[in-house]
Amino acid sequence: MECQEAMEKSSRYIDGELSLWDCIKIKLHLNHCWSCNRFVQQLPLLGQLARRLHESDHPTPGEPLPPDARERIKKILQDAPTKEESA
Amino acid sequence: MNNPSPPTLDPAQWVDQYGDYLFGYAMLRVRDRTVAEDLVQDALLTAFKARDRFEGRSTERTWLTGILKNKLREHWRKNKREITETDLAAPGEDPADLFDAVGHINADHAPADWGSDPVAAASRTEFQTVLAQCIEGLPDRAAEVFLAREVDGASTDEILKSTGITKSNLWVLIHRARKLLRQCLETNWFAKNNPSPDP
């Protein structure tokens, strides 16, 4: 297996979706290829980083809920019938 | 022994406290302001009507996010789209000389060193901005499955069911998202903030 095939199969490798034979081939390749080894080690970090972003206060910094939508949703919630009213 | 206090919610504060978070969460997934606003509105109204069912097992924000996730699933089920060739790959996305003639990676394009603790960067606001921009820059369908799997914890079967795509296309999309996100972070953050010599 060469780098091109190893990288193409790397996502399925880290997620346990490769056949045993492909797993063995990719492991043999990673044993002697530091570039692919680094690539495969970095892939799972992307999910961790994205999860950490979502645990922060705002997953899209700099793009708040627009003011008109903010006011509209507040009004809808204020006008929604309370439990007592809807009973 | 006293019974624990019943969990309390404060719907009057939801928009101010969680509006930006929920809007950002939706925007990263649907890439359309109007749709994202409608999803947040729909989720908060549903939450308001279901507030008696909040058991306090999670935070208020986690509970609201869970309701928004359901709204997103409904949205995708109603708006299923066929996968196109451009969803799976785009010309020029990878450098033409990424690999040599026999499939070895060209040394100029080898992955850079991200340092000993790249996840530590995640708490820095500057990094969060770069990461959000990199996710926003991902192709729509690739971002959709990447976030569903990596952030929302959806199983392969759940994603296949809600999106209607095939399993082989799912893996192409997930790998495309990871590859592009990795490259974007490397170019826009790690190469600038963590330059180090390669072996």
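Helices (H or I, at least four residues) and strands (E, at least two) are taken here as DSSP runs, numbered from the N terminus.

**Entry 1: ground rules.** I am working with a predicted model, where local features need pLDDT of at least 70, side-chain atom pairs count only at pLDDT 80 or more, and totals for chains, interfaces and linings use all residues. Residues are numbered from 1 along each chain as its sequence is written, while chains are lettered from A and ligands numbered from 1 in the order in which they are written.

**Entry 2: Asp42(B).** I looked up this residue and found it in helix α2 (residues 33-49) of chain B.

**Entry 3: chain A on its own.** I count 6 helices and 0 strands in chain A, in the order α-α-α-α-α-α along the sequence. Its radius of gyration is 24 Å, well over the 12 Å that the globule rule gives for 87 residues, so chain A is more spread out than a compact globule. For the record, that radius is taken over C-alpha atoms, and the rule is 2.2 Å times the number of residues to the power 0.38. The C-alpha trace spans about 70 × 35 × 20 Å along its principal axes. Buried residues come to 30% of the 87 in chain A.

Entry 4: I find 42 residues of chain A in contact (C-beta atoms, placed from the backbone, within 7 Å) with 46 residues of chain B. On the chain A side, α1 (3-8), α2 (10-14), α4 (34-55) and α5 (67-79) each supply at least two residues. Which helix gives the most? That is α4(A), with 16 residues.

**Entry 5: α4(A) against α5(B).** The axes of α4(A) and helix α5 (residues 125-136) of chain B come within 10 Å and cross at roughly 110 degrees. I note that axes are lines fitted to C-alpha atoms, for helices over the stretch in contact, with angles from 0 to 180 degrees between N-to-C directions. The pair is therefore roughly perpendicular, a term covering 65 to 115 degrees. At this crossing, Leu49(A), Ala50(A) and Leu53(A) meet Gln128(B), Leu131(B), Ala132(B) and Ile135(B).

Key
Two residues are in contact if their C-beta atoms, placed from the backbone, lie within 7 Å. Angles under 35 degrees count as roughly parallel, over 145 as roughly antiparallel, 65 to 115 as roughly perpendicular and the rest as oblique. A residue is buried if 20 or more other C-beta atoms lie within 10 Å of its own, exposed if 12 or fewer, and partly exposed in between; C-beta atoms are placed from the backbone.
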